[in-house]
Amino acid sequence: MSPVTALLPELRRERRLSQLELSLRVGVSQRHLSCIETGRARPSREMLIALLDALEAPLPRRNEVLLAAGYAPHYPRRSLDDPDLAEVRQALHHLLEAHDPAPALVLDGGWNLVMSNRGAHRLMTLLGVDADAALRPGFNLLRACLEPGGLRALCENEDEVCAALWSRANHEAAHFPELKPLLEDLRPHVPTRVPQQAHTPLLHTRLRSSAGPLSLFSAFTSFGSPLDVTLASLRVEHFFPADAATRRALADS
């Protein structure tokens, strides 16, 4: 049995699509799709790419299916230092600098730090954390927030924030397989699901700092229509002050 016969139905079930729905999206008969999924028909490279596009499969999974079918990967995985990504690096630096003095981080799909701005360094300093040591490339934000004794120890609403981060990371693991072993490692440290309080429109992370309590919420920026595995995994997390005291602390530090 070809690995494709397992991978394609698995992706289709993850998207909760029937064979009929997927066949209509791609413009092939349900019978032909069934033959592809059962291995009675070998799909062309173009047909596989069309199916994977219709399934909105993550780029690493698309490459995995193509390799399983005997085709070369369609989507490259460049280093962010690659000359072809110079404009991308410039765009990321612009987003980080424009958000200063509020903190902003560039993270990959495994929650590893790629870049940070001056605001992130100021926040760490206010929290009594060595910013140069913490905000080094490879620093894992999820581990720092969920392991005992890390950043979670500075959080006033620790259980609420940890539960929300855990839920978000589990959802993302369907798109970024590298998260799964990290989640298994962190599972013993995660609190039972805590209902979020509805008195604010967004979850606020409340932190103890040398400038007094800080309250932050976050938003994300990602690249539209990425055609590179590395770029598909990157996101910028922008932290915003949730009150005037936090805004002043970040600006004055």
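Where is the place of R16? R16 sits in the loop between α1 (4-14) and α2 (19-26), with helices (H or I, at least four residues) and strands (E, at least two) taken as DSSP runs numbered from the N terminus. The model is predicted: local features need pLDDT of at least 70, side-chain atom pairs count only at pLDDT 80 or more, and totals for chains, interfaces and linings use all residues. Residues are numbered from 1 along each chain as its sequence is written, and side-chain values use heavy atoms, without hydrogens and water.

Most residues other than glycine have a negative phi, and most peptide bonds are trans. R16 is not a glycine, yet has a positive phi of about 60°. R16 is exposed, with a relative accessible area of 76%; buried means under 20%, exposed over 50%, and partly exposed in between (1.4 Å probe, protein chains only). E56, also not a glycine, has a positive phi of about 50°. E56 lies in the loop between α4 (45-54) and α5 and counts as exposed at 56% relative accessibility. The peptide bond from D100 to P101 is cis, with omega near 15°. P101 belongs to the loop between α6 (86-99) and β1.

N117 is placed in the loop between β2 (113-116) and α7. N117 counts as buried because its relative accessibility is 5%. Its side chain reaches the backbone nitrogen of A104 at 3.0 Å. A polar atom of the N117 side chain also lies 3.2 Å from the backbone nitrogen of G119. Neighbours within four places in sequence aside, N117 is in contact (heavy atoms within 4.5 Å) with L96, H99, D100, A102, P103 and A104.

The largest nonpolar core has 37 residues. Such a core is a set of buried Ala, Val, Leu, Ile, Met, Phe, Trp, Tyr and Cys residues joined through side-chain atoms within 4.5 Å. L105, F139, L141 and L142 have the most contacts inside this core. At least two core residues come from each of β1 (104-107), α7 (118-126), α8 (131-134), α9 (141-146), α10 (158-172), α11 (179-186), β4 (214-222) and α13 (244-252). Leaving aside neighbours within four places in sequence, L142 is in contact with W111, L165, A169, L179, L182, L183 and L186. A second, separate core of 23 residues includes L8, L22, M47 and I49.

Pockets were located on a 1 Å grid over the protein atoms alone, as open sets of points where a 1.4 Å probe fits, with protein on both sides within 12 Å along at least five of seven lines; lining residues have an atom within 4 Å of a point. The largest pocket holds about 590 Å³ of space. Of its 28 lining residues, V161, L165, T205, E237 and F239 are the closest to its centre. α10 gives the most to this lining, with six residues. By class, the lining of the largest pocket has 22 nonpolar, two polar and four charged residues. Here Ala, Val, Leu, Ile, Met, Phe, Trp, Tyr, Cys and Pro count as nonpolar, Asp, Glu, Lys and Arg as charged, and the others, Gly among them, as polar.

The second largest pocket has a volume of about 420 Å³. Of the 22 residues that line the second largest pocket, L59, P60, F176, A232 and S233 are the closest to its centre. α12 gives the most to this lining, with four residues. The lining of the second largest pocket divides into ten nonpolar, six polar and six charged residues.

Technical notes:
A polar contact is a pair of N or O atoms within 3.5 Å; within protein, one must be able to donate a hydrogen and the other to accept it, and residues adjacent in sequence count only if both atoms are side-chain atoms. Grid points are joined across faces, edges and corners, and a volume is the space filled by probe spheres set on the points.
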